[in-house]
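Please look at the model below before reading this note. The points that follow are meant to be checked against it one at a time.

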Amino acid sequence: MAGMNSSWMTVALETKLLSLNSGHYTALAFILAICIPQSPQGTTLRHGLLLLQATCAVQAFFAPPPPVLEPALLYSSGVLMGNMLARYFDRLYTTVPEKTFHRLTDKTPESATRLSASQRFVWGLELFSVTRGIGWNWRVAGIPKSPAPTTRLRFVASQLIRWIAMYAALHLVDVTCRLVLSNQNPVLSFADKVQIYALIVGGCAMTIYSHFGILILPLSALCVGLQVGPLSWHDAASWSPNFASLTEAYSIRRFWGHTWHQQLRRQAGAPGEYLISMLPDSMMTSKWTPVRLARRYSLLLMSFFVSGLIHACGTYQVTRALGLPLSDGGEIKYFLLQGVAIIAEDLGCWILGVDDRGTKPGGMRLWVGYATTLSWYVCSRVHLKGVPIALGMGIRHGRGDLLAALDHVQQSAAVVPGNFVARAWELIR
């Protein structure tokens, strides 16, 4: 009997070690996506690889979550799963990537079909890694302008300074949130609420910035400074900022279309464009205003809907990992209402005769626009996203949902890996 128990335990242990979680399937789907362009189009091998890749990409949503206890890290892994699935739809499932996407070498499109197997593997790695088309024959609208020409040394110094400042800001958010959360006043004053709103909005923005900056800032400094990596990565112009200036945000449309990061723009818009392309030619080419506006705003709403789905994967990952009721954290509603707000803003501008296209806005337009955009963004970010996500993740606070949202912001800022600024600060205290 003891021998049977020992044998059973050995088999169970081996099964546990060989079991795959969602992180493994996400990685497998990525590797298979890179390998698919290696096989000729239309072959049985290619169809088999594509089916296996799609299966792995979908299986990531059903396999057990990775053994991570931090909700913020689980959230990021879920968003990555949704982001990559949308990227595959855009660059793999609805097109032949090697015939559609080309890297630009000295502004000349490169044909992937003429590359060797090893070169095409690197080509595929870059295709499924890049987000905004820098150095490729496609470019996402709204990408902030490339930095002004500068020396390699200045560019490297600028990126490293931004990297240090990013971690310093995250530590400041963490410390400030802890301080506010430790306040035991049973009733929040108006000043307390203003401070909490600012921390939630600013803390969320800083955390999201870090999700890109944690890798992009040091990588860009390395590629430009030491001239390593793909040729297109050696130029500082290939590393345009993730966020444009806040001065651009004098409308809700411009905030989302210019100021905010454009990392999801292409893959969020791809499903809607694919569906629109299936319409009859008469509707696709019609200049009749109702049809034209229907196409335009359908694409807008579908893009925000897909963005909501991508972000909802984050809360979905957390809730299933922690055994909580499955939730989207209010993400779909939040992003869809951003599209609705843009439509309402466009309607209001049309009624008032305001036209921002190709014209420099006047002082009144700017300040009214800034006030409207800021008010909408702060309120929607806190009440339609911050609070629902915190509650969906099981975060509660005895003094109200607003502080639960702040607690989530603090956890998200504190868990960003590699914060050498926070460690240094703790050592010198």
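Which residue forms a salt bridge with Arg266?

1. The partner is Asp90, and the closest N and O atoms of the two are 2.7 Å apart. A salt bridge here is a side-chain nitrogen of Lys or Arg within 4 Å of a carboxyl oxygen of Asp or Glu. The pair links distant parts of the chain: Arg266 is in helix α10 (residues 265-276) and Asp90 in helix α4 (residues 71-93), 176 residues apart. Asp90 is buried, with a relative accessible area of 8%, whereas Arg266 is partly exposed at 26%. Buried means under 20% relative accessible area, exposed over 50%, and partly exposed in between (1.4 Å probe, protein chains only).

2. A word on the basis of these values. This is a predicted model, in which local features need pLDDT of at least 70 and side-chain atom pairs count only at pLDDT 80 or more, while totals for chains, interfaces and linings use all residues. Residues are numbered from 1 along each chain as its sequence is written, and side-chain values use heavy atoms, with hydrogens and water left out.

3. The salt-bridge count comes to 9. Another of these pairs is Glu126 with Arg103, at 3.1 Å from N to O. Glu126 is in helix α6 (residues 117-127), and Arg103 is in the loop between α5 (97-100) and β1 (104-105). Both Glu126 and Arg103 are buried. Helices (H or I, at least four residues) and strands (E, at least two) are DSSP runs, numbered from the N terminus.

4. Arg254 and Glu248 also form a salt bridge, with the closest N and O atoms 2.3 Å apart. Arg254 counts as buried because its relative accessibility is 19%; Glu248, at 27%, is partly exposed. Elsewhere, salt bridges that share partners join Asp90, Arg91 and Arg266 into one network.

5. The largest nonpolar core has 43 residues, and those with the most contacts inside it include Ile196, Trp256 and Leu406. Such a core is a set of buried Ala, Val, Leu, Ile, Met, Phe, Trp, Tyr and Cys residues joined through side-chain atoms within 4.5 Å. Helix α8 gives the largest share of this core, 9 residues. Leaving aside neighbours within four places in sequence, Leu406 is in contact (heavy atoms within 4.5 Å) with residues including Cys177, Ile196 and Ile200. Apart from this core lies another, of 29 residues, among them Tyr25 and Trp123.

6. UniProt, in an unreviewed entry, places the feature "transmembrane region" at residues 160-181, 196-217, 297-319 and 334-354. UniProt positions are given in the numbering used here, feature names are shortened, and annotations may be inferred rather than shown by experiment. In the model, residues 196-217 are 100% helix, with end C-alpha atoms 29 Å apart. Residues 334-354 are 90% helix, and their end C-alpha atoms lie 26 Å apart.

7. Is His311 buried or exposed? His311 counts as buried, because its relative accessibility is 15%. This residue is found in helix α12.

8. Gln227 deserves a check. Most residues other than glycine have a negative phi. Gln227 is not a glycine, yet it has a positive phi of about 55 degrees. Gln227 is found in the loop between α8 and α9 and is partly exposed, with a relative accessible area of 33%.
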